[in-house]
Amino acid sequence: MELRVEIGDIAQWQGDGVLVSVFQGEQEMGGATREIDAALGGAIANVLNEGAFEGKLGTTRVFYAVDRIPATRVAVVGLGKRNKFKLDRVRYCSAEGMKALRKIGAKNIATPIFGEGDAGIDKLMAAQAVAEGAVMGLWRFRKYHTEAADEMHEEDFRRQIDNVTIVEKDATALGEIRAAAERGRVMGQATNLARDLSNEPGNWLTPRRLAETARGVAEKYGLEFYVIDRTEAERKGM
């Protein structure tokens, strides 16, 4: 999956899907969501007013744009109650919203930075969390999956998101936002490496192979590396 940051208007973004958000129990929507809702003729506001979607944490509702905006689908993710909002919910809701778009076949999706200004969260913190949520939320361990196994799942595991674009209007902050998103990408990928390793069977991921994997990462990124052998471990009382 490729992750990038671009300057633009989310309502004019061209792709398979757009992710926006709402707080639970609030009819008033934030900037990006309000713009998308206006373009959709008030479709989001209607489901909120009717109680068909409440905005509970991590819940999603998908709309088809029907040529009202360049993107073909819109996913709305619930942020939960505003007074309980914090940074980890940005990460979680980013993941849940993107998974909802993947489930219906979107491959090229975009999201604004959401959550900034709430609970003391600034734009760069939110951008990093959105990126982390995208990378970690779309992770799957498919090394041992077969096509038959994929077909047994309700969701088609062969569906993948190819591109995630964080769309931002403020061009003056582009460099800082890209750096924050890159931190999120790196941290998300590091977490996913640990997940991959923890899902390997013990007869494959031997201590020696784990050490070799760590050595490979260290060599690739110029990190110091050493292995504690049995003698050293015993000396340390491990």
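Trainee: Let's start with one residue. Where is the place of Val-66?

Mentor: Val-66 sits in the loop between strand S3 (60-64) and strand S4 (73-78). Helices (H or I, at least four residues) and strands (E, at least two) are DSSP runs, numbered from the N terminus. Keep in mind that this is a predicted model, where local features need pLDDT of at least 70, side-chain atom pairs count only at pLDDT 80 or more, and totals for chains, interfaces and linings use all residues. Residues are numbered from 1 along each chain as its sequence is written, and side-chain values use heavy atoms, with hydrogens and water left out.

Trainee: What about the phi of Val-66?

Mentor: The general idea first: most residues other than glycine have a negative phi. Val-66 is not a glycine, yet its phi is positive, about 50°. Asp-67, in the loop between S3 and S4 as well, is another non-glycine residue with a positive phi, near 65°.

Trainee: Is Val-66 buried or exposed?

Mentor: Here's how to read those words: buried means under 20% relative accessible area, exposed over 50%, and partly exposed in between (1.4 Å probe, protein chains only). Val-66 has a relative accessible area of 66%, so it is exposed. Asp-67 is exposed because its relative accessible area is 79%.

Trainee: How much of the chain is buried?

Mentor: The chain has 238 residues, and buried ones make up 42% of them.

Trainee: Let's step back, then. How many helices and strands does the chain have?

Mentor: You can count eight helices and six strands. Reading from the N terminus, their order is β-β-α-α-β-β-α-β-α-α-β-α-α-α.

Trainee: How do I read contacts in the chain?

Mentor: A contact means heavy atoms within 4.5 Å. Take the contacts in this chain with a separation of 6 or more: 70% of them are between residues 24 or more positions apart.

Trainee: Which residues does Trp-13 contact, leaving aside its neighbours within four places in sequence?

Mentor: Trp-13 is in the loop between strand S1 (2-7) and S2. Its partners beyond those neighbours include Glu-6, Val-18, Pro-70, Ala-71, Asn-108 and Thr-165. Trp-13 counts as buried because its relative accessibility is 10%.

Trainee: And what does Glu-6 touch?

Mentor: Glu-6 lies in strand S1. Not counting residues up to four places away in sequence, Glu-6 touches Trp-13, Thr-165, Ile-166, Val-167 and Glu-168. With a relative accessible area of 31%, Glu-6 is partly exposed.

Trainee: How do I compare distance in sequence with distance in space?

Mentor: Pick two residues and look at both values. Glu-6 and Arg-178 are 172 residues apart in sequence, with 8.7 Å between them in space, C-alpha to C-alpha. Then try Trp-13 and Thr-146: they are 133 residues apart along the chain, and their C-alpha atoms are separated by 35 Å. Ala-214 and Ala-32 give another pair, 182 residues apart along the chain with 42 Å between their C-alpha atoms. Ala-214 belongs to helix H7 (residues 207-221), and its 34% relative accessibility is why it counts as partly exposed.

Trainee: How much space lies in the largest pocket?

Mentor: On a 1 Å grid over the protein atoms alone, a pocket is an open set of points where a 1.4 Å probe fits, with protein on both sides within 12 Å along at least five of seven lines, and lining residues have an atom within 4 Å of a point. Grid points are joined across faces, edges and corners, and the volume is the space filled by probe spheres set on the points. Here the largest pocket holds about 520 Å³. The elements that give two or more residues to its lining are strand S2 (17-22), helix H1 (31-39) and strand S6 (163-168).

Trainee: How many residues line the largest pocket?

Mentor: There are 27, and those nearest its centre are Gly-30, Gly-31, Ala-32, Ile-113 and Phe-114. H1 supplies the largest share of the lining, four residues.

Trainee: Which residues is Thr-33 in contact with, leaving aside its neighbours within four places in sequence?

Mentor: Thr-33 is placed in helix H1, and its contacts are Val-20, Ser-21, Val-22 and Ile-44. At 4% relative accessibility, Thr-33 is buried. Ser-21 is in strand S2 and is buried too, with 11% relative accessibility. Apart from residues up to four places away in sequence, Ser-21 touches Thr-33, Val-76, Val-77, Leu-79 and Phe-114.
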